[in-house]
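Here are my notes on this one, written as numbered points. Have the picture open and follow along as you read.

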Amino acid sequence: MSNLKPLTMESGENDLKQGGFPTRYLVAIVGAVGLLPIVGNRKVFALVMTHMTSSENSSFSEELLFTHCTVFNTSRDKHVEMAGDTMFLLHSAYHAGSPLLTIVGTVLSTRVSPKLVIASVVMTSGLITLCLPLVITSSTPLLFTLRLLQGALDNIQQSCNTGVLSAWSTDADKSRLFSIYFTGAYSAPAVAALMTAATMCYVNWNATLYIYGALGMVWSVVWAVMIYDTPEAHPSLSKAQLDFHRKHGADVQLSSAKVQRSIPWRHIVTSSSVWSVFTGFFVHSYVYAMLVVQQPQYFLDSFNINIADIGLLTTLPHVGLSIMCVLGGVLSDRLLKSGLPLTFTRKLLFTTGKLTEGLCLIGLFFTSDWRAAVSLITVGVTVGGLAESGYHPLPADLAPQFAGVIAGFVSMGAIGSFVSTLTASFVSGKSKAIGDWQQLFLVSGVLDILAVVMFDVMANADLQPWASGSSDPPRSESERLLPDSDPSISKTSADRLLPECSDRNAENSVCFPGLLYSECILSDNVDTMRLIESEEFAEGHGDVVGYGTCTPSKGMLVKEKDK
């Protein structure tokens, strides 16, 4: 008899001893690398435009990393005439584009391969980035159009990737996988800031745009070749890893017309838990726009720092955020292992991160010193990384099959970035006064605190009744185990054998009518097979001989012990 044990992180690691490096971590890492050019191009564009629209020489006297720049005021440098509020509107165009195609893209990914949707949009976004140097100096209306389209494409990539991660995640390390993935998003501005500062100082004003466009296109090819939508679709996944996913992973079907038709839209848009994630994403987008897009302009307007040093200073918060994002994922998994409820753990991390970030942003309202400003932003953003393990995994918690669709819906909260940049253009776009920037940070801090209140009231990380796409309420354990079609079998005991189907659909198969399954499940021996959906029920009943992969949940085929 197999000795089945409750799920722990250790049990998952033991299952993979013979399976090599876990492929699900490779999926998260490659996805994180893809976020470097996608998210990084926002920082690159912001720094490039901040420099190009300011023809004044810096009066900043501190000696930081980049000194004796060879590009400034040469033929390799470039400046354009553009009002400050016009530049903010360019940033707003990108963020306005973010929600436009998100739902279309994520719904499409339930019909066709999501990995191919991701590869296609990243390839197209890379081409747009390659065109930006020419368009910046020639046509402002065309620049608006391209940034609008790029914002729409980039948001699709992150939403679809949530669906892929959901298919590859397990109960043992879901938070860790999502944290690794989103580390790419939060380290991207740091990498982009340093690279842009260095190239604008020593190479050319537009070099980083070409680099990032090419990187996006190369990554899209690597992703399409290396990554598969689900563990079941991976042709060379080791048996140890495949068995582990079948026991502890999410039961996510491959994209199909059937899956697309089963999307429970009514339940998604009326779920308070989904709206809690939407609220968190809206506020995160609002604040993140302040820190990625508007922060360079804040340091230029308030302290007249040159663009190379701005690139260095704005790197620090994102380095801290990236580190904390990974640590938060590890902490989340350990808290869950210790026995803390899933919902409580998600709320604890979100509250700690966002509350600290909000208080630091409010502190910026009271300071006029660049050192204090850098310190407050760095501490707030770093600790704020804990919140990422609070709300990012929630779509996969609520409904693994439709995690990408939920992520697409809540990512419309990216409109918060549009609201943020539009507000900044009206408040400080013309005056460029430090007092106006202080008011903007005060509003951001208050929004963080309000998001904490709403998330703590509304969020629930439990698997939802509609997670399988069925409108029927979830059944109890024994109701799911026993067929409706055989009244002779009591539904009060899960220990009764399930009878074979009177008409088999295939040789060496047994099907279980009434379990919301439409397929028979193949097995080598059908004499006394039964479907067990819980390891606790399987304990003591027999040896596991196979696994079922039907919705709404997985099961183990167990051969009954000899009487």
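1. Let's start with a charge meeting a ring: the charged end of Arg147 sits over the ring of Phe45, 4.0 Å from the ring centre. Lys115 does likewise with Tyr228, its charged end being 4.7 Å from the centre of that ring. To count as sitting over a ring, NZ of Lys or CZ of Arg must be within 6 Å of the ring centre and within 35 degrees of the ring normal.

2. A word on the model before going on. It is a predicted one, where local features need pLDDT of at least 70 and side-chain atom pairs count only at pLDDT 80 or more, while totals for chains, interfaces and linings use all residues. Residues are numbered from 1 along each chain as its sequence is written, and side-chain values use heavy atoms, with hydrogens and water left out.

3. Now the overall picture. The protein has 23 helices and five strands; these are DSSP runs numbered from the N terminus, with helices being H or I of at least four residues and strands being E of at least two. Of its 563 residues, 57% count as buried. Buried means under 20% relative accessible area, exposed means over 50%, and partly exposed is in between (1.4 Å probe, protein chains only).

4. How much of the contact list joins residues at least 24 apart? Among contacts between residues at least 6 apart in sequence, the share is 81%, where a contact means heavy atoms within 4.5 Å. Ala197 lies in helix 7 (residues 174–202) and is buried, with a relative accessible area of 4%.

5. Helix 9 (residues 239–248) is mostly covered, with seven of its 10 residues buried, including Leu242, Phe244 and His248.

6. Next, the aromatic rings. There are 15 aromatic pairs, counted when the ring centres of Phe, Tyr or Trp (its six-membered ring) lie within 6.5 Å; planes under 30 degrees apart are stacked, over 60 edge-to-face, and the rest tilted. Trp219 and Trp223 make a stacked pair because their ring centres are 5.1 Å apart and their planes are at 25 degrees. They are four residues apart in helix 8, so about one helical turn separates them. Trp219 is buried at 5% relative accessible area, and Trp223 is buried at 0%. Elsewhere, Tyr298, Phe299, Phe303, Trp437 and Phe441 form one aromatic cluster.

7. Finally, the surface. Which helix gives the most to the nonpolar patch? Helix 8 does, with five residues, and helix 2 (23–52) also supplies at least two. The patch has about 750 Å² of accessible area together, and Val33 is among its members. Val33 is in helix 2 and is partly exposed, with a relative accessible area of 41%. Patch residues have over 30% relative accessible area and no salt bridge, with nonpolar side chains (Val, Leu, Ile, Met, Phe, Trp, Tyr) joined within 5 Å and like charges within 9 Å. A salt bridge is a side-chain nitrogen of Lys or Arg within 4 Å of a carboxyl oxygen of Asp or Glu. Accessible areas come from the Shrake-Rupley method with a 1.4 Å probe, and for residues only the protein chains shown count as cover.
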